[in-house]
Amino acid sequence: MTIPGFTDRTTTLNGIPIAWSEAGDGPPLLLLHGFPQTRALWARIAPELAQTHRVICPDLRGYGDSGKPAEIAAYSFREMARDQTALMHHLGHATFALAGHDRGGRVAHRLTLDAPHAVTRLCVMDIVPTHTLLEPLKREVAQAYYHWFFLAQPEPFPETLIGHDPDAYYQSCLLGWGGAQLSDFDEDQLTAYRTAWRDPDTIRGMCNDYRAALSHDVHDDAEDLDARVTCPTLVLFGAQGAMAKAFDVPATWEDKCTDMQARGIPGGHFFPDTNPADTIAALKAFFA
């Protein structure tokens, strides 16, 4: 799926092909999607933001049209973040604003910690810090976010089960984590997601993303427990989502940021899909 009015491109960066779409004039703004989606997540949001920004929407490694390396370590948020800094440098942007939903939010957080000079403003959507989620793990979080541990099981167990009916599995994810119905999602965006997740290499890539979270990311975050994001930060969360039920989401970020604001968006975890209007309004106000 092409984002309306955007140009699609692909090049090799950080050792793998990275695909992205871009359009608009103004300060650069990088948008990172989450699981189990692609850059099509931004199809109804990015064109609005492109009225005032140069908007870049990549597929994360392992997802969509980007490369899908075999090694689990290649899927750490640190490696994903290096892809994105390489992309922005490739496009001539030494500094940029940054927003990410779900896995993209975790990549965005890691990128901002590792390259604080590069990020002017940060928005993370419907996540708590990775270390906060996993250490210690709360019972209700484990139940709601069981997929973290299912997908992280050794290959090929989850790949085999998912591969029998990818639509059934990944659509169950879209309908979880805070009351959504399939009809709440744009049909063209769903088509793009289905096309991506029916690819066995994408199934493996997304599993490796979660394997890396347990084997690499939680340890990287443990080493940075006292690190703070120093640029202005916006925390958005689904007001009726699983994260908001299990955590005081803004409170989990208070000691991770020096300049933070937070706002609940009506909807569940996938509010950028199901409530693009309020998402656009919040992003426009923050990045203005």
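This report walks through the sheet, the helix packing and the nonpolar core of a predicted model.

**The sheet**

Eight strands form an open sheet with mixed pairing. Their order is β1-β2-β4-β3-β5-β6-β7-β8. Strands β1 (7-13) and β8 (260-265) stand at the edges. Each has a single partner strand, so one side of each has no neighbour in the sheet. From one strand to the next, the twist averages 20°.

Look at one pair inside the sheet. Strand β5 (residues 96-101) pairs with strand β6 (residues 119-125) in the parallel sense, over five bridges. Here H101 stands opposite M125 in β6.

**The helices**

Helix α14 (residues 276-287) lies across β3 (28-32), β5, β6, β7 (233-238) and β8.

| Elements | Angle |
|---|---|
| α14 and β6 | about 155° |
| α2 and α10 | about 95° |

Helix α2 (residues 77-90) packs against helix α10 (residues 200-223), with the axes 8 Å apart. The two helices are therefore roughly perpendicular. Helix α2 contributes F77, R78 and M80 to the contact, and α10 contributes D209, D217 and D220. Of these residues, two are nonpolar, four are charged and none is polar.

**The core**

Nonpolar side chains tend to be buried together in soluble globular proteins. The largest nonpolar core in this model has 95 residues. Those with the most contacts inside this core are L31, F35, W42, V55, L98, C123 and L236. Helix α10 supplies the largest share, seven residues.

What does L236 touch, leaving aside its neighbours within four places in sequence? The partners of L236 are C123, V124, M125, D126, R263, I265, F271, A282 and L283.

Note on methods:
Residues are numbered from 1 along each chain as its sequence is written. This is a predicted model: local features need pLDDT of at least 70, side-chain atom pairs count only at pLDDT 80 or more; totals for chains, interfaces and linings use all residues. Side-chain values use heavy atoms; hydrogens and water are left out. Axes are lines fitted to C-alpha atoms, for helices over the stretch in contact, and angles run from 0 to 180 degrees between N-to-C directions. Helices (H or I, at least four residues) and strands (E, at least two) are DSSP runs, numbered from the N terminus. Angles under 35 degrees count as roughly parallel, over 145 as roughly antiparallel, 65 to 115 as roughly perpendicular and the rest as oblique. Contact means heavy atoms within 4.5 Å. Ala, Val, Leu, Ile, Met, Phe, Trp, Tyr, Cys and Pro count as nonpolar, Asp, Glu, Lys and Arg as charged, and the others, Gly among them, as polar. A nonpolar core is a set of buried Ala, Val, Leu, Ile, Met, Phe, Trp, Tyr and Cys residues joined through side-chain atoms within 4.5 Å. Buried means under 20% relative accessible area, exposed over 50%, partly exposed in between (1.4 Å probe, protein chains only). Two strands pair if DSSP finds at least two bridges between them.
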